Amino acid sequence: MSWDIEKIKADVAADVASASSLDALESVRLKYLGKKGLVQEMYGGLSEASADEKKLIGKGANDIKTLAEGLIADRKIAISAQSKRADAIDVTIPGAQRGVGTQHLINQTVIEICDVFERMGFVIQRGPEIETEFHNFSALNIPLDHPSRDSFDTFYLDQEDPQVKGHYLLLRSHTSPGQIRVMKQHKPPMAVIIPGKVYRPDAVDASHSFMFHQIEGLLVDKNVTFADLKGLLTAFCKKYFGDDVTMRFRPHFFPFTEPSAEVDIQSNIFKGRAGKWLEILGCGMVHPKVFEAAGYPAGEYTGFAFGMGVERIAMLKHGIGDIRTFVENDIRFLRQY
Amino acid sequence: MKLSINWLNQYIDHNLTPEELSHKLTMAGLEVESVSQFGTDTVFEIEVTPNRPDALNMLGLAREVSAITDKDLKQPAVGEYEDVGNFDVSIEDKDACSRYIATVIENVSVKPFPSDKSIFLQAFGAKPISNIVDITNFVLFEFGQPLHAFDLDKLEGGKIIVRRAKKGEKIITLDDVERTLDESILVIADARKPVAIAGIMGGRDTGVTASTKRIVLESAHFDLGVIRRASRKLALTSDACYRFERGVAWKTIEIGSNRATDLILELAGGSVAARKDLVAKELSRARHEVVVSMADIQKLLGAPLELARCEKILKRLGCIVAAGANTLTVVPPHFRNDIKIKEDLIEELARMVGFDNLPMSLPQVSANNISVNQDKENFNRRVAELFIAEGANEIVTYAMVSAPALDRVNFEGEKPIRMQNPMSAEQELMRPTGLANVLAVAASNFNRGARDLKLFEVGKRYLRTGERWTLDVLFSGKKDSDWRRTKKDLVDFYDIKGDVEEVFSRLRVRSLSFEAAAHKAYEPGQCARVLVGGQEAGFIGKISDEVLARFEIKKTAVFFAEIDLEILSGAVAPREKFMELDGFPVIVRDLSLAVNPAAVTFEQMKAMAFDNSKGLLKKIDFVELYTGEKVEKGCKGYVFSLTYQSKERTLTDEEVNALNEEIAAKFIEKFGVKRR
């Protein structure tokens, strides 16, 4: 008897593929591999065949056996995966989530920004929010008749400054007094980053609040230059806002730095603001008067300082239009981030 | 400050397009905030920083453009006038008004201002009024000197007195508003009444009109603070006020007066009948030299600048410069009081070269003298991270609170720190507790239908003794959102306590304990004092219905904890040595007891068990609380699980059973509990 080996192979493949249950697959197995199956029949006829035919049919039967075993085993796994056992579970139902909490977006932003500076060797420091006029103004070269000292621009408290009779403590209007505190306590070299809450009597609206967050940075050493300031803040902006950020250093004025600059950036990450310069931070070389107030000898050190508003950066980065969102603490907002 | 390009072109040939000019001014520190068209003119709105009052006028801006473009500045020629005749000017408050130049011009003809100049004023938004009034505005915008013209025939007594207003004195200003004054406000007065609010706005009834024949032209110097405070008090500002608040240069008072006199004589005719330059307090400063070396520039900027270029820039800015081999000796112009030290000069040079044209480098943060010991910072950060891991959402609330809000939470404590100038009564106190603020957040979320809350804040309390980092935690509603639970359990005291215990035990605060306490914000019987090594560190418990009702919270139980993190971060135990995982075998025994909670606490029983365990009790777990009826009245069923282990040997069942019985016997003997 002669066998069409290739046709049988095709039949095996077709039969296996069309078997849709384990029972059907078992009949396919019996048909080819059973005691009365085709492969046994082929082996059975070998005694009557010629030597050449024997060789051919023997190899054919082996090939068909190997093929059928392989296909049936694969098909069995596929059918088992499809078929439902009585105790099978619906694995697509959501898992029982314990509900991990969320970090407030302001603190996320603070930590992200501080992390960038920490990796560059800066150390986090915290200063008090209740400050003296000396730290908040005088030591920062802000003159006595400066408008920012008015009660229109700074919150004064009913607590007297223990050092200066007749002067009252205030809520710091910026994180810069932290510079003075750090410098009074330590000698350079130093690189610190000072995050925290600041307060100004601004009427609350979509972009103003009487309490907001700032991050201050200060680096003091011998031979720190304006080029270092530019380099470090460029590194920060690229790390934090992405490598495709465009920056410019625009001359500005702060009483406690000289020269002073503001940094504007452009980036596609600020949706709807492409092509617009966005002011992102203020900076400058530490003013000699500030070193004097800190008690450092004249001319010995140079340094730079910078400061940025956390709410502003978070609002730009996440497209948040109203600063009040941060203190409303709507659980739907909290869970978004 | 506005800049009209057509007007600018009167003083300088700059050859820049408006776009180029805008960019160059911005990058020199005069940020162009907006650009608009006014007829054929382009008008910039420029943000002038407070150190640069000299740039609050067209000539000042032209000078900047001159330095930017290295082109000559064409200044108008200004005549000089000497004091003549007799005019009665007196200054009563010499600190508030240091100088007053009064020029009396007679036989003027009041008519319209020529249109070639008037158009510039209109670009600045100033309405054309008459030649005299428009000249005062023109010189204000040209030189930055505020001026005012009075009709001399309307000044009673024909004199000027600079004095403080009397309380209740009134004046109707040029804008037709009657304003009530007081002693804090400086006025210009005639013999009887105020005729102008000094430096801010003139009076309506003494101003120049079509029939005016004799005028008094005022050019003066007023104290910045006096003008600013009057402006704030009256909620009234003006172009004059804006400039006085920022400071007008001493010499400009005279130049402005003379320039206006020139223009009045030219355009309104008449002649100077009298002039009086009254100096009450000499404020002109001797111009001092500032020396800067090329090495100074290199040291601060990290880049060299060419000496010749520096010299040119400073001259263009109006400085007198003497160049040495490597130094420049500079006398700043009279209107640049902001240039005092060499760093100021370096900034002038840097901004004219362009900050973006200066090089960049990375600083070496080689050594840092600030200790890297960040224990407290890390502790607070870890507290937040662990509460987030426990499923809580972090919030940020205001540091302020109102007195009524503190009353609502029955706050009792030392007088909170009060603000002298709060925005409103809502924010008049610095919060001595976060409870009111956090409850308000819960209430607003409840109102939006979100009742299942786990909130926390790591913030501060503000006490007269100092600021204290504090943890506030609030739990309410359902325990979890597990869909497998058919009965949704509500959070209770042990949920919030468990999270607090777990977080602080992770942070190795070893001596944390709780004792029943009474607190006016909490429900009696469900409140504990949190102790660290016996020191009070806060409270935890169920907020009383009375307090909740005041926040309009009904039918939702709220649990709250407020814990002082300063105390906790100070009680962190050092890391323990690694504990071998495989010791001798442990044996666990349960004890089922009927306990009267009024007679004994779990803490006391635990202590008793350890005291009587011969050092073999490893831990004692609370595994069940039964409150049903199968236990005698007044009692609750407690099940403890006691784990025994020896550090030296394998314990036998017999000895552990005996020990377990001994402990049970002690409970019975000392605390009157019963076996179940």
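User: How far apart do the C-alpha centres of domain 1 of chain B and domain 3 of chain B lie?

Analyst: In this predicted model, the C-alpha centres of domain 1 of chain B and domain 3 of chain B are separated by 22 Å. The two domains touch, and the contact takes 10 residues from domain 1 of chain B and 11 residues from domain 3 of chain B. On the side of domain 1 of chain B that touches domain 3 of chain B, helix 3 (residues 58-69) of chain B gives the most, with four residues, and that side as a whole divides into four nonpolar, three polar and three charged residues.

User: Into which domains is chain B divided, and what is the mean pLDDT of chain B?

Analyst: The division gives domain 1 (2-69), domain 2 (88-279), domain 3 (290-356), domain 4 (375-569) and domain 5 (587-675). The mean pLDDT of chain B is 93, with 99% of its residues at 70 or more, while the model as a whole scores ipTM 0.89 and pTM 0.87.

User: How do I read a helix, and which residues of helix 4 of chain A are buried?

Analyst: In general, an α-helix has 3.6 residues a turn, so residues three or four places apart point the same way. In this structure, helix 4 (residues 51-82) of chain A has 32 residues and reaches 47 Å from its first C-alpha to its last, close to the 46 Å expected. Its buried residues are Ile57(A), Ala61(A), Ile64(A), Ala68(A), Leu71(A) and Arg75(A), and these pack against helix 1 (5-18), helix 2 (22-33) and helix 3 (38-44) of chain A.

User: Is Lys276(A) buried or exposed, and why?

Analyst: Lys276(A) counts as exposed because 11 other C-beta atoms lie within 10 Å, where the cut-off for exposed is 12 or fewer. Lys276(A) sits in the loop between strand 8 (257-266) and strand 9 (278-286) of chain A, and its C-alpha is separated by 11 Å from that of Met247(A), 29 residues apart along the chain.

Definitions and conventions. Residues are numbered from 1 along each chain as its sequence is written. Chains are lettered from A and ligands numbered from 1 in the order in which they are written. This is a predicted model: local features need pLDDT of at least 70, side-chain atom pairs count only at pLDDT 80 or more; totals for chains, interfaces and linings use all residues. Helices (H or I, at least four residues) and strands (E, at least two) are DSSP runs, numbered from the N terminus. The expected span of a helix is 1.5 Å times one less than its number of residues. A residue is buried if 20 or more other C-beta atoms lie within 10 Å of its own, exposed if 12 or fewer, and partly exposed in between; C-beta atoms are placed from the backbone. Two residues are in contact if their C-beta atoms, placed from the backbone, lie within 7 Å. pLDDT is the predictor's confidence in each residue, from 0 to 100. Domain bounds come from an automatic or database domain assignment. Ala, Val, Leu, Ile, Met, Phe, Trp, Tyr, Cys and Pro count as nonpolar, Asp, Glu, Lys and Arg as charged, and the others, Gly among them, as polar.
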